[in-house]
Amino acid sequence: MSSLSHLGRSARAINATLPRASVARVASNVAPRRTLLTLATAARRQGAILAQKTSAFNKTTSQTALRAFSTSLPSLNDAEEAEEESEDPTKAERYADETDVVIVGGGPAGLSAAIKLKQLANADGRELRVVLVEKAGEIGAHTLSGAVLEPRALNELIPDWKEKGAPLNQPALEDHMKFFTKNYAIPLPHPPQMTNTGNYIVSLSNYVKWLGEQAEEVGVEVFPGFAASEILYNEDGSVKGIATNDVGLDKNFQPKDEFERGMEFHAKVTLFAEGCHGSLTKKLFRQFNLRDECDPQTYGIGIKEVWKIDPKKSKPGTVVHAMGWPIDNSTYGGAFIYHMGEDMLSLGLVVGLDYENPYLHPYKEFQRWKHHPYVKDLLEGGECMSYGARAINEGGLQSIPKLYFPGGALIGCTAGFLNLVKIKGTHTAMKSGMLAAESAYAAITSDKYEEDKPIVLEDFEQKVKDSWIWKELTEIRNCRPSFHTPLGNLGGVLYSGIDTILLKGRTPWTFHNTTPDHERLRVATNAQKIDYPKPDGVISFDLLTSVSRTGTNHAENQPVHLRLKNKDVPVERNLKIYDGPEGRFCPAGVYEFVDDESGPAGTKRLQINSQNCIHCKTCDIKDPSQNIDWTVPEGGGGPQYVYT
Amino acid sequence: MSNLRILVATKRVVDYAVKIRVNAAGSAVETANVKHSMNPFDEIGTEQAIQIKEALVKAKTGTAEVIVVSCGPAKSQETLRTALAMGADRAIHVESDEELQPLAVAKLLKAIVEKEKPDMVILGKQAIDDDSNQTGQMLAGLLNWPQATFASKVELGDKLMTVTREVDGGVETVKAPLPAILTTDLRLNVPRYASLPNIMKAKKKPLAKFTVADLGVDIKPRLQTLKIAEPPKRQGGKLVESVDDLVDKLKNEAKVL
């Protein structure tokens, strides 16, 4: 897998504070291909090349405004034929390339879709160009999960995965469910959906890495280290493709010596597989009103560590799930402990982001949970190797949006197919990718395909509804919402027990997710502060030590990728009303309220340590003012997860 | 018109940002499933070669052919593709799964130099995994070529290079006739990003493969690593009450007096 994005990064990072040799740069790299491209694109679609439109559009708006919310809007102007030599390298025309399908995101869904497309094309002896872009420097570097993998979709996609060396080495052998009190771990029965016979305990990051290799082998063009930051539209409003980030801008959006314009991929079908709460997907929701008929999505934050433990304590194949302490009855949350084999332990806590107490600190909850005697015993004598966190979907069936729009579709967790009772989303994500691939392939190769008309993947949504994804999610659809009664977790467990064991979802009623997570916080004055114990440095750790275990890094001196819609809101609203919850829900210490030296004594300001960001998306979800906009930083940045 | 042929040596190493650990056996640093990339000093070397080429083309005084070479396992090809994406013209992969120590690499590079006959060989001053700082110097010795190491500035004249070197005492300027060896130091340049279009173009650039046997080189290691251990954990600082207390601690606890 090419780690090409880290090109120059290392020397550049080390070099950052040293005087640099000045390099004469010519930014525009498009000139010779321009005429060919103009003809090719004009033949495909009526109207102008979007690149030209972008530069025309750029000339009439301020650079920083466009940079902050870079969504290309369809232009109603005709093509500009005149070639304009712009002095400003940030407005130079972008190199554009044509492909049949472009996929945003190299996770299970995106890679499965890519592999399936090429399998179909190769079987027909057909040429099909499939391009996949992924913001991580390496496939798998941003992937984090428990995980116990149900191989159902993998068996359909790559039946000979064992011969091909898939890292499914540890079968799940034993399932345990426990209820934690402060000192005890009480065994509980578990719903049948949580029995893991036939499943595997895996590092999802390693699994995705392997999937990436399979994708390259069937001929997918995989480009890690390139972040899709902009959706491109045709004149008729359909999705034309995506553009990657400009790189080499400084904090003030000014081009540095190493500035390179992003590039565009124009595709017949664009599949968005960004994972939970995708940054481009959220723009598609607004652009195409995809959420008009569904419930708001609800989320949890999963925080985990991977430990090398004392071999005597390792019981390979053991799967443990726990509820209870330290999470209180009114907060949704649960923990997992998976014995991965080879003396490795994957353990973590998932906290529902519908929590009400602004003083809740998910990271610190996780750290104190590890001190429970059951967990502490496992960890003693071991060493923490890895840490990370990611938001996950909890909304289930009711929160699935419309999955397609002219020119593209949503697949995987960015749409939201996670089965919360099984706590598994990988198999459904993969299946959704495969179904989208079938639908897209049929549309592209159909006799009825017309170049000037956008592809509308209506049958993709129907395929999903007819598949086992829908059956699974329908069966458990009422479980998570049943936790939203005054009975809290107790009520949820009781109802879910009955539903999963007896009723199996065969009820006429469907509970709804009525309130988005960011509206759930209570004001600080009505909330109880929580006194978290200090980390001991052996079992529990302080936040920055943990962040160093994510391997996260972002190239220095680039625009801050966490954008505030209103820069006064954090202090005037979040801090004043909710006592600054962003300082607590971020698992990487990005948000800090520090003293503002420039103002009168006692005033605070929000400091954004964006370099710490591990791309979990929690801030975009939970900010009570919805003021934080998570945008994608330069490709190649972010965590370097290992074994997660 | 001067047409130069520049050979750039690159190595695939554990990425500089990775937190390295000693493996379970205690025999080496853990490299499985760990992110790798091009040695940062080699990126600078590749960048330098491409800048030389661009300068010649811009001044219309000639051109340069930039050849990148890497010795290592199959995955070294990723490193070569990176260099091709930056702007190198072609690549050579000397494939070997064995341990390649600096002397072995120098001998392999000598064999490549005898095939390709470059005017310059550019290497990184050291690799960040072993910090040997030997390959460039050994290659110069084997070829009997002049060498300018730790370069922070390079100027090319007619069959001559003027190099400013960073040395312990400051900065030293040397002149060396070509063909010569250059090893890069940090301040030489800032490597460019590989743009996606260039990465795609790089896939079509030629990549030749050789085995160690093809080149007839003895690569047997001459050094044996006896032990690898993590550095001792940092102890907390202690406050001392008085000068006597400090002297006592330095003498009896730290044992440095």
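Which residues make the nonpolar surface patch of about 600 Å²? In this predicted model, the patch is made by B:Val240, B:Val243, B:Leu246, B:Val247, B:Leu250, B:Val256 and B:Leu257. One of these residues, B:Val243, lies in helix H7 of chain B, which covers residues 243-252. B:Val243 has a relative accessible area of 62%. Because exposed means over 50% relative accessible area, B:Val243 counts as exposed.

**Nonpolar cores**

The largest nonpolar core has 131 residues. Those with the most contacts inside this core are A:Ile103, A:Phe265, A:Phe272 and A:Leu284. Helix H11 of chain A (residues 426-445) supplies the largest share of the core, nine residues.

**Helix H8 of chain A**

Helix H8 of chain A spans residues 281-288, and six of its eight residues are buried, so the helix is largely enclosed by the rest of the structure. The buried residues are A:Thr281, A:Lys282, A:Lys283, A:Leu284, A:Phe285 and A:Phe288. A:Leu284 is also among the residues with the most contacts inside the largest nonpolar core. Just after the helix, A:Asn289 takes a positive phi of about 50°. The ring of A:Phe285, a buried residue of H8(A), has the charged end of A:Arg291 over it.

**Aromatic contacts**

Over all chains, the structure holds 14 aromatic pairs. One of them is formed by A:Phe272 and A:Phe405; this pair is tilted, at 6.0 Å centre to centre with 50° between the planes. The pair links distant parts of the chain, 133 residues apart: A:Phe272 is in strand E13 (residues 264-272) of chain A, and A:Phe405 is in strand E19 (residues 404-405) of chain A. Both A:Phe272 and A:Phe405 are buried. A:Phe272 is also listed among the residues with the most contacts inside the largest nonpolar core.

An aromatic cluster is formed by A:Phe180, A:Phe366, A:Trp369 and A:Tyr374.

| Charged residue | Ring | Distance to ring centre |
|---|---|---|
| A:Arg291 | A:Phe285 | 4.8 Å |

Terms used
Residues are numbered from 1 along each chain as its sequence is written. Chains are lettered from A and ligands numbered from 1 in the order in which they are written. This is a predicted model: local features need pLDDT of at least 70, side-chain atom pairs count only at pLDDT 80 or more; totals for chains, interfaces and linings use all residues. Side-chain values use heavy atoms; hydrogens and water are left out. A nonpolar core is a set of buried Ala, Val, Leu, Ile, Met, Phe, Trp, Tyr and Cys residues joined through side-chain atoms within 4.5 Å. Buried means under 20% relative accessible area, exposed over 50%, partly exposed in between (1.4 Å probe, protein chains only). Helices (H or I, at least four residues) and strands (E, at least two) are DSSP runs, numbered from the N terminus. Patches are made of residues with over 30% relative accessible area and no salt bridge: like charges are joined within 9 Å, nonpolar side chains (Val, Leu, Ile, Met, Phe, Trp, Tyr) within 5 Å. Accessible areas come from the Shrake-Rupley method with a 1.4 Å probe; for residues, only the protein chains shown count as cover. A salt bridge is a side-chain nitrogen of Lys or Arg within 4 Å of a carboxyl oxygen of Asp or Glu. Rings of Phe, Tyr and Trp (its six-membered ring) pair if their centres lie within 6.5 Å; planes under 30 degrees apart count as stacked, over 60 as edge-to-face and the rest as tilted. A charge sits over a ring if NZ of Lys or CZ of Arg is within 6 Å of the ring centre and within 35 degrees of the ring normal.
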